[in-house]
Amino acid sequence: GALGTPLVTQLIEHKWNSYAGLRARVDAVAALALAFMVVADTFLRPHKQGVESMEGAEKVSLAVSVTLGIWSLGLCAQELFDLLSDRELWFLDFWNPIELTTYVITLVYSAGDLATELSSLPGGYERWIQLAQAASAFFVWVRLLKYVAIFDGVGHLVNVIIKMLTEFAIFIAVFAAIFLGFTHAFYVLTPAEGKHGPESVLDSVMTAFQMMVGEFDYETYSTSGALVVLFVAYILIAMVLMLNLLIAQLSNVYSEVSGDAKAQFFLNRARLTLEKEKQLTSSQRLMHSARRIRYAGHSLPTKIVTSIFEE
C-alpha cells in the first residue's frame with residue numbers, strides 16, 4: 001500500500017524525527033512512571049488491611065494516592081477533549097479506548113484509596129477498590145505496548161496481537177453457539193443419569209471448559225449411551241475441529257502481518273505522529289510546516305531517489 005512507497009515513508013520519518021519521536025518517548029516515560037506509581041501504591045497497601053508495614057508508609061501512600069488521582073484526572077480530561085474534538089478519528093485508534101479506560105479506572109481507585117485514608121469505608125467498598133486497583137494494574141502495563149510498537153523489529157508483533165484479538169473475538173462469537181449448545185445438553189442429561197453431574201448451569205459451563213483443556217472424569221459421562229455419544233461429539237467438534245480451526249486462523253493472521261512488517265512499523269509511527277501533530281499549537285504547526293517545505297525542497301527528493309535505487 002501507500003506505506004510502502006518511499007515518499008510516504010520518508011515523510012513519516014521526517015515528522016517523526018522533527019517532533020513526534022521526542023514527544024512519543026516522553027509519553028512512554030510518563031506511561032512507565034504511571035505504571036511504577038501503581039506498583040508503589042500496591043506495596044504500600046498492606047498497612048490499610050491491618051498488616052504491619054514500614055514506618056511512614058501511611059504518609060507515602062497518601063501522597064501516592066493524591067498524585068495518582070491528580071495525574072489520572074488530567075490525563076482523563078485530555079483524552080475526553082480529544083474524543084469530543086474528533087470522535088471519528090479518536091475511535092480509529094485502537095489504543096484510545098484502552099487509555100481512557102486506564103485513566104478512568106486509575107482515577108476511581110485512587111479516589112477510593114484517598115477516601116479510605118481519610119475515613120473508614122464499609123468492607124464492601126474496600127473490595128471494590130481492590131478490584132479497581134487490579135484492573136488499573138493490568139491496563140497501565142498493557143498500554144505500554146503502544147510505545148513498544150514504535151521500535152523496528154518488534155512493532156509488527158504488537159499489530160499481530162491486536163489483529164489476533166480481533167479474529168479471536170469473531171471466532172468466539174461462532175464458537176459460543178456450539179459451546180453453549182453442548183453445555184446445555186450436558187446439563188440436561190448429566191443430573192438425570194449421573195450422580196456426579198453439575199449442580200448449576202455455571203458448573204456445567206465450567207465443566208465443559210475444563211473438558212476443552214483435557215480435564216474431565218470419563219466415568220461421569222459413561223453412565224448412558226446418550227452421554228457417551230454427546231461426550232464423543234463434543235471432543236471431536238469442540239476440541240479437535242474448532243480449536244484447530246482457531247490455530248489455523250491465527251497462523252494466517254501472523255503470516256499476513258509479519259509478511260508486511262516494515263509497513264506495519266511505519267503504520268505504528270504514523271498513528272503516533274498523527275496523535276502528536278494534533279497536540280501542536282498553531283505556531284508550532286506553522287514552524288514545522290516551514291521546516292517541512294525546506295526539507296521537501298532539498299533533502300527529501302534526494303532520499304527518495306536514493307531509496308528507489310537501493311531497492
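Two residues are in contact here when heavy atoms lie within 4.5 Å. By that rule, residues 24 or more positions apart account for 74% of the contacts in the chain with a separation of 6 or more. The structure is a predicted model, in which local features need pLDDT of at least 70 and side-chain atom pairs count only at pLDDT 80 or more, while totals for chains, interfaces and linings use all residues. Residues are numbered from 1 along each chain as its sequence is written, and side-chain values use heavy atoms, with hydrogens and water left out.

The chain has 12 helices and 0 strands, where helices (H or I, at least four residues) and strands (E, at least two) are DSSP runs numbered from the N terminus. Read from that end, the order of elements is α-α-α-α-α-α-α-α-α-α-α-α. Of the 311 residues, 35% count as buried; buried means under 20% relative accessible area, exposed means over 50%, and partly exposed lies in between (1.4 Å probe, protein chains only). The chain exposes about 17700 Å², of which carbon and sulfur atoms supply 68%. Such areas come from the Shrake-Rupley method with a 1.4 Å probe, and for residues only the protein chains shown count as cover.

On the surface, a nonpolar patch is formed by Val-148, Phe-151, Val-154, Leu-157 and Tyr-254, with about 410 Å² of accessible area together. Patches are made of residues with over 30% relative accessible area and no salt bridge; like charges are joined within 9 Å, and nonpolar side chains (Val, Leu, Ile, Met, Phe, Trp, Tyr) within 5 Å. Tyr-254 sits in helix α9 (residues 225-258), and this residue counts as partly exposed because its relative accessibility is 41%.

Charged pairs come next. Side chains of opposite charge can pair when their charged atoms come close. A salt bridge is a side-chain nitrogen of Lys or Arg within 4 Å of a carboxyl oxygen of Asp or Glu, and the count by this rule comes to 4. In one of them, Glu-99 pairs with Arg-143, the closest N and O atoms being 3.2 Å apart. This pair links distant parts of the chain, with Glu-99 in helix α4 (residues 95-118) and Arg-143 in the loop between α5 (123-142) and α6 (145-148), 44 residues apart. Glu-99 also meets Lys-146 in a salt bridge, at 3.2 Å from N to O. Here too distant parts of the chain are linked, from helix α4 to Lys-146 in helix α6, 47 residues apart.

Glu-99 counts as buried because its relative accessible area is 2%, and Lys-146 is buried because its value is 4%. Arg-143 is buried as well. A further salt bridge joins Lys-163 to Glu-167, with the closest N and O atoms 3.7 Å apart. Both residues lie in helix α7 (residues 155-193), 4 residues apart, about one turn of the helix. Lys-163 counts as partly exposed because its relative accessibility is 32%, whereas Glu-167, at 15%, counts as buried. Through shared partners, salt bridges join Glu-99, Arg-143 and Lys-146 into one network.

Grid points are joined across faces, edges and corners, and a volume is the space filled by probe spheres set on the points. The largest pocket has a volume of about 560 Å³. Its lining holds 27 residues, of which Glu-99, Lys-146, Glu-275, Lys-276 and Gln-279 lie nearest the centre. The largest share of this lining, 7 residues, comes from α10.

The structure also holds 2 cavities of 30 Å³ or more, and the largest cavity contains about 70 Å³ of space. Among the residues lining the largest cavity are Lys-146 and Glu-275. Helix α10 (residues 261-278) gives the most to that lining, with 4 residues.

Finally, Phe-168 has its place in helix α7, and its C-alpha atom is 8.7 Å from that of Gln-249, 81 residues apart along the chain.

How values were computed. 1 Å grid on protein atoms, 1.4 Å probe; cavity = no way out; pocket = protein on both sides within 12 Å on 5 of 7 lines; lining within 4 Å.
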